[in-house]
Amino acid sequence: MRSSSYPAPPAARTGSARRTMRAMLVLAVTAGLATAVPAAEATSPARDTAAAASTATADTASDVAAKPFMGWSSWSMQSSKYPGLNPDGEYSYLTEANVLKQTDALASKLKKYGYDRVNIDAGWWRDNDWKPGFDPYGRQTNDPVRFPRGMKPVADHIHSKGLKAGIYLPVGLEKEAYGDGKVPVWNAPGCTTADIVHPDLRTTNGWDSSYKLDFADPCAQKYIDSQAQLFADWGYDFLKLDGVGPGSFKSGDNYDNVADVAAWQKAIAATGRPIHLQLSWSLDIGHAADWKRYSNGWRIDTDIECYCNTLVTWENSVNDRWDDAPAWSDKAGPGGWNDFDAIDVGNGEMDGLTKAERQSYMTLWAISKSPLYTGDDLTRLDSYGVSLLTNREVIAVDQSDSPVARPVTPMGDQQVWGTRNADGSYTVALFNLGDSPASVTAHWASFGFTGNASVRDLWNKENLGPHKNKITAALPAHGSRLFTVKPGGEALPTTGYEAESAANTLTGNASLAGCDACSGGKKVGNLYTGGKLTFNDITVQKDGIYTVRVAYVSGDARSVTVSSNSGNGSSLKFPSTGDWGTAKTVSVQLALKAGSNTITFDSGSGYAPDLDRIDVPRSV
Amino acid sequence: MDIPHTPSPDDRQRPSRRGFLALGAAAGAATALGGLPAFSASASPPRPTESPSLSPADAARNQLWWQAPGSPGSMIEQGLPVGNGRLGALASNDPAAELLLITDATLWTGGLNDTLQSDGQFPYGRDDFGSFTLLAELTVALPDHDLGRVHNYRRTLDLAQGLVTTSYDLSGVTYRRQIFASRPDDAIVLHFSQRGGGAYTGTLSLAGTHAESTSANSAQCFASFGASFANGLKYGAAVTARSSTGTVRVRGTSITFSGCQDLTVVVSGGTNYAPDATAGFRNPSLEPERLARTKVLDAAGHSATSLLRTHVADFRAVFGQLGIDLGASSAAQRELDTWERVRARDRDNVPDPELEAAYLQFGRYLMISGSRGGLPLNLQGLWLDGNDPDWMGDYHTDINIQMNYWLADRAGLSDCFDAFADYCLAQLPSWTDVTRRLFNSPANRYRNSGGEIAGWTVAISTNPYGGGGWWWHPAGNAWLCQNLFEHYEYTQDRAYLSKIYPLLKGAVEFWEARLLTTTVTDASGASREVLIADSDWSPEHGPLDAKGITYAQELVWNLFDNYRATTETLGRDTGYGRTVDRLRERLYLPVVSPKTGWLEEWMSPDNLGETTHRHLSPLVGLFPGDRIRPDGSTPKEIVDGATALLDARGMNSFGWANAWRGLCWARLKDAEKAYQLIVNNLKPSANGGNGSAMNLFDIYEVEQGRGIFQIDANFGTAAAIIEMLVYSRPGHVELLPALPAAWAASGSVSGVGVRGGFVADVSWKNGKVTRATLKSVGGRGTTVVAGGTTREIGLKPGESVTLRNLG
């Protein structure tokens, strides 16, 4: 799915909406009126879909996941080998005492900034040797050493601080709960564990630690109902369902847990208690519609934790998110968000990150509207960590109604991301993912405007004044900047060139294809191993270096060599558009001369994205 | 019309050159022959009373700039170089942590290395042969100036004034730091200033890189260290700081400062190396740590402004001796910083004449910074990022050191050549001794099979202690002499020629003893007796011991020719000179292979090596020699064979190999090929790949993903730019022999050295010379060719002539 070059056309419903919008834009360009193509409009059909998804979950509670949630989670410290955290063996950090300690710290330090969740992660029903405990109905029950008073008093304490409580389960029937198939299901006369799984005891989830539930038998739903009721009775507000597939490094029928997730949604609704349902980990993007329909959030990637002497490291796996996030940008919205995992930026030494890395981490999460839950020891935040976690302007970016930001440049060591805000300003993030300091420039033309724009530096809380056409900043290794940019109102006159234009030259396998998401309803694809598309007669008024916006379709990140005239070009990796039915835009810099030029997209020895159109400023 | 004249005021570059020279003289800057010994006490220099600084607009013409600092982990690619000819540094320019990796050209491990291996060749390790190493690391920590908090960061390398400037805004204050390596004050100075009510608070630390212990002195507020190597070389460094406000004091082994509105840091250091074989290359009376303290305390007694003026007056005087304009770049190109510009040049393949001219000036900047008295530029010039440079950061005699000095005379830097000549002279006693004792050792496959030995030669690698490394390199002596003699051709300086005479004569004697007589059959079937070189390796491929390799035949031919000319000029050994010239006439010279159509590299029609090998050894007669000339004076088939060989070697090598190819194509007047090779070297290096680093140092990908700095390409590529504009040999000058379309519209160059004893200024428009001025620096007459026009000029030393309507 993610790698096919030529998928079937997307559902007509989405396609027609986009085609209409595109047609309007083309019209506007021709008329020389609203020539900018704001990022917000490019994602608007997705927002419609997201709204539809949130309607589906609205039965449970209209305000669940209206915004990305914020809070604390236990797993980062549980999973770390940082000295002293887990004195009684791996994952032993998870105890009532520690949870309450973190609860109190969250309430006193971070609650006023919006952090209100305390999420208990894996192990609450397992002893320090990771041996699980179950009640007589095969439901997980608190480990008496970790949580001697049970789980309800913990939730009560969390609530007493004005916070919400979260709990955790792996998907499926844990093997140890099976009890030879004789364990009765609570509140389900006649149902035993033998009824809820497949006779062949096929396993499921990311660790194969559970038997796959068989929802053909109504007893299976009853089992889920019984678990949900327990959590509702205890007073939990949030459930992380882990090991869910397709995803969690698994694929195939045994690991398809869509039915489990649907059953959980139904069970939660039946309890009458609004419980946020969060899915983990590395969920298959091909099932994004299912996750949106049945849950309130999904982890897009593997664990952030390094399982090493710190909580995380940059390489393992904080920096993966820059590569993996773009595919998901359209999938998030009110009711369900892309979860990038914990935001462990509160204590540099324990986190294992530089200051610059911590700021970039928080920046990507905020512009991506990921939930913001830290896994840090909240009793030991350092002052820089506090400044990151409590920057109200940055938190506001995360919690705003703006669409999820996307890269407006190709992928690489230096990247610019952004999104258009409702007030016409833009949130613009600069990133330097390289190992050396580097300057990064955001060209206003990438966002479709030009001239002066006022710039606010959110991290440094400074107004930087008007900047003409662009802003450049020196970024440390793995560093970032986060700006709000208010255009002065000058639209950028551009000329659009369709990939399918008869004036272009197609080489090799390159060929035209229908594309509902594309302007003109067509694109050029089959750009692989030598396939090439040359736009001929690109006309500009002056010699200069131009910011050319490229609309493309690519279900995965793909590279293409982009050149003008006799240039060598550069090999640029375009981020995934999420699927083969969605068009997105990135900008490239190219020298053009006054008069007629060519611009070429060459697949070289690899596979390139499909191309929709390019928009070239008329002058510089 | 030919009008002898003095320069007219409308000439853009010429008047400034005059001005610079006057400036240097006024400042008492030593630009004359014969530099300082390595590290020694010196009298306080005269201080200019007026600012010698360029106006911002004039300075901008020769500035490189970047919008991000360097990484401490990538200093070779990203650090900005400064140097006073001996003492150098790479600076990171990070606001919160300025890092200087400091070098002294003489800080070498190793020694004479005169115990050969069982194969008769030299050991080549860091203990025996030795290695160039770092002197010190200096850090200035300003914890509040985190890069993530600053705006409008910019750092500039001012090539004309020898100045690195970093500026940035932080909390409403504009901070600025200037770094320069002063030759007059023999120290590196860092001056921190600000505008807007800011202050500096932080820590200054000086550390050795060989586990030395730094100590600090509170009373005089300095920190220093001193130590010695196993080879007995003593070295040391010291730093001090001053501020007109705030407090500066010693804490532990560091210097701390707080609330300083300005801060001046002075660092110096050196060794007790002496360029004297009879003294074992040491000055035993010199205490480097003490001398370093004296120097920094003396310098710190002057204001930063005074130190800067003294430095700029000295530096500008040298830099200003050549100006170049290859045409205007676009506004869009000018808007880009240097690294963006390098990348855009490659991406768009749109010529960027100002960038290309700046590349030449950067090469000159490196030469001025790294070669003024003391030891010559090694494989990495004067700059290091660690103590294990590839090939020891040594002197390679089979292309690299030669290429380093091709630029000097061509580019108005004749004085910078002295370090190379002085090095060879200082090494000569050891080279002679080692050659006589060891060259004919039976195990050495390159020994003289006739058993005689005389004169001197070298190994492929040489160190500053008279020692060789790796393999014997018999023809290396002739190639060193080729450079040495050419310097005389440019300068017509007889005192210099007398000085190097022992080197020339010793090399001649070596070859007289080494040449073998053999009989060859010409294509016509006639046989004749010729002289050929004994067994040798054509660098660095093909058979290990072949007789009569073209490389040796051409270089010896050149050596004998130059020797005869020298004896006549100096009136010394004229009889021997004639004898040697008769030997030259008997030398076998290469023919064109009937099989490949190439000029033969070995005395064989077969291609015995790698077709696209980096070295152009068989073409030394084309460049740097000029026995092979595409002007009708060389048989066409030889020129064609040389061209075919050059063509076969290809256009896609790396750094110095591209530069050499470019120089050869310039000699063959193929402007576009020569230009393409310059463009190839300007390609941005990515992930250690071949090309230019962010700081424009040339990077050679020594293995997949690992690039190293080899400075020879920075000089060789710059030399190629000059060679495309002016070709010369004694009595013959050709203007714009290989002007590419990219530079043809209009341009000018002034101060180009011309063999035969002239300096040329040339202006052109639409590919045609519009005006040329030749000034005699000792030459009396020459032919000047431009376009289709030939002129004969006659001048007395000091006179100049301007030619118009050429071509």
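In this predicted model, B:Ile188 is in contact, leaving aside its neighbours within four places in sequence, with B:Val82, B:Leu87, B:Ala89, B:Leu100, B:Ile102, B:Ile179, B:Ala181, B:Val267 and B:Ser268. B:Ile188 also belongs to the largest nonpolar core, which has 420 residues, and it stands there with B:Val239 and B:Val267 among the residues with the most contacts inside that core. Helix H8 of chain B, residues 353–370, gives the most to this core, with ten residues. In soluble globular proteins, nonpolar side chains tend to be buried together.

Chain B also meets chain A, and 24 residues of chain B are in contact with 27 residues of chain A. On the side of chain B that touches chain A, strand S7 (151–158) and helix H7 (338–348) are the elements that give two or more residues, and the largest share, four residues, comes from H7(B). The table sorts this side of chain B by class.

| Class | Residues on the side of chain B that touches chain A |
|---|---|
| Nonpolar | eight residues |
| Polar | nine residues |

Elsewhere in chain B, strand S22 (residues 516–521) and strand S23 (residues 527–532) run antiparallel and are joined by six bridges. Within this pairing, B:Thr519 has B:Glu529 in S23(B) as its bridge partner. The hairpin that S22(B) and S23(B) form has five residues between the strands, and in it B:Gly525 takes a positive phi near 100°.

Finally, an unreviewed UniProt entry places the feature "domain: Alpha fucosidase A-like C-terminal" at residues 728–784 of chain B. Over residues 728–784 of chain B, the chain is 63% strand and 7% helix, while the end C-alpha atoms are 9 Å apart.

Conventions: Residues numbered from 1 in each chain as written. Chains lettered and ligands numbered in written order. Predicted model: local features only at pLDDT ≥ 70, side-chain atom pairs only at ≥ 80, totals over all residues. UniProt positions renumbered as here; feature names shortened; annotations may be inferred. Pairing = 2+ DSSP bridges. Contact = placed C-beta atoms within 7 Å. Nonpolar A, V, L, I, M, F, W, Y, C, P; charged D, E, K, R; others polar. Core = buried A, V, L, I, M, F, W, Y, C linked by C-beta atoms within 7 Å. Buried ≥ 20, exposed ≤ 12 C-beta atoms within 10 Å, placed from the backbone.
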